[in-house]
Amino acid sequence: MKKTIFIAATLILASSTAYAGKMAMPSDAPASYDAECASCHMAYPPALLSEKSWQNVMSGLAKHFGTDASVDPKTRAEITNWLVKNATTRQKYMETAPENRITKTSWFIRKHDEVRSDVWKRAGIKSPANCSACHTDAAKGNFSESNIKIPAK
């Protein structure tokens with residue numbers, strides 16, 4: 001019995017640690033998500049935000065971080081429905097993102113608290129929102145600390 005409990009506890013801990021850095025892009029991503037969203041920035045895995053946060057982002061596309069990212073109503077509905085369906089179910093990501101920004105969430109700030117402000121301004125990074133600048137497998141949804149390479153410049 002003790003051996004079974006030990007094995008179960010080990011598997012739970014291992015899986016939660018593995019999940020901490022991995023948020024694979026769901027395989028059912030609509031082509032419109034890549035075409036519309038990834039044409040300007042990394043296609044963020046939906047599990048990075050809550051349903052409410054994604055709804056807020058998608059309802060504000062006319063003023064999307066200083067850009068008019070409006071899409072036709074059908075495309076907007078398709079992307080919104082997919083994002084909401086695949087939004088986080090993990091408590092630590094459930095907060096509504098301040099200013100609709102992943103980078104303003106408490107979990108993001110906590111995970112990046114050791115990054116100095118001047119590092120974000122490096123030409124190879126430009127912004128905290130540029131995940132793939134440091135997370136080499138970010139496009140695959142892997143944000144593991146073992147896959148980080150911070151650009152020197």
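## What Ile102 touches

Leaving aside residues up to four places away in sequence, Ile102 touches Tyr44, Leu48, Leu49, Trp107 and Phe108. This is a predicted model, so read that list as a computed one. Ile102 itself sits in the loop that runs between helix H4 (73–85) and helix H5 (106–111).

Is Ile102 buried or exposed? Its relative accessibility is 12%, so Ile102 counts as buried. One of its contacts, Leu48, is 54 residues away along the chain, yet the C-alpha atoms of the pair are separated by 7.2 Å.

Across the protein, the mean pLDDT is 86, and 86% of the residues reach 70 or more. Which elements mark the two ends of the confidence range? Helix H1 (residues 2–20) has the lowest mean pLDDT, at 42, while H4 has the highest, at 97.

## H3 against H4

H4 also takes part in a helix pair. The axes of H3 and H4 come within 9 Å and cross at roughly 165°. Angles over 145 degrees count as roughly antiparallel, so that is how H3 runs relative to H4. As for handedness, H3 passes H4 in a right-handed crossing.

Which residues make the contact? On the H3 side they are Glu51, Trp54, Gln55, Met58 and Ser59. On the H4 side they are Arg76, Ile79, Thr80, Leu83 and Val84.

## The loop at Ala38

Ala38 lies in the loop between helix H2 (31–37) and helix H3 (51–59). With a relative accessible area of 28%, Ala38 is partly exposed. Setting aside residues up to four places away in sequence, Ala38 touches Tyr33 and Ala43.

How many residues separate Ala38 and Ala139 along the chain? They are 101 residues apart, and their C-alpha atoms are separated by 10.0 Å.

## Two positive phi values

Most residues other than glycine have a negative phi. Here are two residues that go the other way. Phe65, in the loop between H3 and H4, has a phi near 55°, a positive value in a residue other than glycine. Its relative accessible area is 39%, which means Phe65 is partly exposed.

Lys126 also has a positive phi, near 75°. You'll find Lys126 in the segment after helix H6 (117–120). Is Lys126 buried or exposed? Lys126 is exposed, because its relative accessible area is 67%.

## Cysteines

How many disulfides does the model have? The cut-off is a pair of cysteine sulfur atoms within 2.5 Å, and by that rule the count comes to 0. Cys37 is in no disulfide, and the nearest cysteine sulfur, which belongs to Cys40, is 8.6 Å away. Cys37 counts as buried, with 14% relative accessibility.

Cys131 is likewise in no disulfide, with the sulfur of Cys134 the nearest cysteine sulfur at 9.0 Å. Cys131 counts as buried too, at 11% relative accessibility.

Definitions and conventions
Residues numbered from 1 in each chain as written. Predicted model: local features only at pLDDT ≥ 70, side-chain atom pairs only at ≥ 80, totals over all residues. Heavy atoms only, no water. Helix = DSSP H or I, 4+ residues; strand = E, 2+ residues; numbered from the N terminus. Buried < 20%, exposed > 50% of the residue type's maximum accessible area, 1.4 Å probe, protein only. Contact = heavy atoms within 4.5 Å. pLDDT = per-residue confidence, 0-100. Axes fitted to C-alpha atoms, helices over the stretch in contact; angles between N-to-C directions. Parallel < 35°, antiparallel > 145°, perpendicular 65-115°, else oblique. Left-handed = near helix turned anticlockwise from the far one by under 90°.
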